[in-house]
Amino acid sequence: MAILPKTFSERRRRFRRIPVRTLAPNMVTLLALCAGLTAIRMAFEDRYVLAVAAIVFAAVLDGLDGRLARFLKGTSRFGAELDSLSDFVNFGVAPALILYFWDLHNLKSAGWIAAMVFAICGSLRLARFNVMIDDPDRPAWTANFFVGIPAPAGAITVLLPIYAVFLGVPHSAFLTWLTLVYTLVIASLMVSRLPVFSGKRVGTRVPPEMVPPLIIVVVLFIALLIAYPWIVLTAGTLAYLACLPLGYLSYRNYERRSAEAQAEIAAAQTPGVVVNMVRADHNGHRDDADRPSRRN
């Protein structure tokens, strides 16, 4: 009879309750994963409009789950691992399969290799991101930048040829080969060391007078995206690619100012070190002079 209460308490400890604030971000991540898997199904069924829409929806949810977790203070190691696995499917596997079924399959093995390279680069990019998060030696200002194009941006960017065809660009053999080269270029940018604006610190605090204009801009953007999706996605992709050099220049500017600050600190500390060395040397000579001679 004495064993039953102990066993019951052990079960209670094993199945302890999980706070809702921890579950909510994970539910958003799982919803994004469902969108990515649905995009793959739509590609199988040649319904590429819905496939692209599912990828865009997954990217929006991916931007929300992390902010929601930080807002609710529900971050966890489980959530971070789930987010990485979801991103690999949504922004690595799904875009690669969409491009392959849409056009790259016409190049047979070459097209499949390009799709595989993109998916593999997406996984490598996510793995490197997870490793760099735990690096305590990184300067604080590096949080403003990603190393390489992030996976969601890479997924939306690599689908640019599909946007162009939906806008009326002829679907030719030249476009097929151009899609292959473009896919490999975006894949290489994802695993490159190129500094890219992260935008993590944008929108954390909004002045009260800017709330109504911000709401209007967001609603207007959503309305334009729904009414003119291919124009908005094409313009946004081209603008994003054009801004990549600006991120590199900004990173170099931060790096230069950080090096100058460290040099100033070192220069400010150096005179004190020299003075202390001179004083120590002077005291040493004085002690030698005051020490009685052994030659008596």
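Asp46 counts as exposed because its relative accessibility is 54%, where exposed means over 50% relative accessible area, buried under 20% and partly exposed in between (1.4 Å probe, protein chains only). Asp46 is found in the loop between helix H2 (20-44) and helix H3 (48-72), and it has a positive phi of about 60 degrees although it is not a glycine. The structure is a predicted model, in which local features need pLDDT of at least 70 and side-chain atom pairs count only at pLDDT 80 or more, while totals for chains, interfaces and linings use all residues. Residues are numbered from 1 along each chain as its sequence is written, and side-chain values use heavy atoms, with hydrogens and water left out.

**Overall architecture**

- The protein has 10 helices and 2 strands; helices (H or I, at least four residues) and strands (E, at least two) are DSSP runs, numbered from the N terminus.
- Read from the N terminus on, the elements follow the order α-α-α-α-α-β-α-α-α-β-α-α.
- Of the 296 residues of the protein, 34% count as buried.
- Helix H6 (residues 151-158) is mostly covered, with 7 of its 8 residues buried. These buried residues are Ala151, Pro152, Ala153, Gly154, Ala155, Thr157 and Val158.

**Salt bridges around Glu45**

- A search of the whole structure finds 2 salt bridges; a salt bridge is a side-chain nitrogen of Lys or Arg within 4 Å of a carboxyl oxygen of Asp or Glu.
- Arg41 forms a salt bridge with Glu45, and their closest N and O atoms are 2.9 Å apart.
- Arg47 also forms a salt bridge with Glu45, with the closest N and O atoms 2.9 Å apart.
- Arg41 is partly exposed, because its relative accessible area is 48%. Glu45 counts as partly exposed at 34% relative accessibility, and Arg47 does so at 39%.

- Leu85 lies in helix H4 (residues 77-102) and is exposed, because its relative accessible area is 59%.
- Leu85 and Ser123 are 38 residues apart in sequence, and their C-alpha atoms are 8.8 Å apart in space.
- Lys108 is found in the loop between H4 and H5. Lys108 has a positive phi of about 55 degrees although it is not a glycine, and it is exposed, with a relative accessible area of 63%.
- Ala127 lies in helix H5 (residues 109-133) and counts as partly exposed, because its relative accessibility is 40%.
- Ala127 and Phe88 are 39 residues apart in sequence, with a C-alpha to C-alpha distance of 9.7 Å in space.

**A nonpolar surface patch**

- Trp112, Ile113, Met116, Ile120 and Leu124 make a nonpolar surface patch of about 470 Å².
- Patches are made of residues with over 30% relative accessible area and no salt bridge; like charges are joined within 9 Å, and nonpolar side chains (Val, Leu, Ile, Met, Phe, Trp, Tyr) within 5 Å. Accessible areas come from the Shrake-Rupley method with a 1.4 Å probe, and for residues only the protein chains shown count as cover.
- Trp112, one of the patch residues, has its place in helix H5. Trp112 counts as partly exposed at 37% relative accessibility.

**The second largest pocket**

- About 200 Å³ of space lies in the second largest pocket. On a 1 Å grid over the protein atoms alone, a pocket is an open set of points where a 1.4 Å probe fits, with protein on both sides within 12 Å along at least five of seven lines. Grid points are joined across faces, edges and corners, and a volume is the space filled by probe spheres set on the points.
- The pocket is lined by 11 residues, of which Met132, Thr142, Val147, Arg193 and Tyr251 lie nearest its centre; lining residues have an atom within 4 Å of a point.
- Strand S1 (residues 145-147) contributes the largest share of this lining, 3 residues.
- The lining residues divide into 8 nonpolar, 1 polar and 2 charged. Here Ala, Val, Leu, Ile, Met, Phe, Trp, Tyr, Cys and Pro count as nonpolar, Asp, Glu, Lys and Arg as charged, and the others, Gly among them, as polar.
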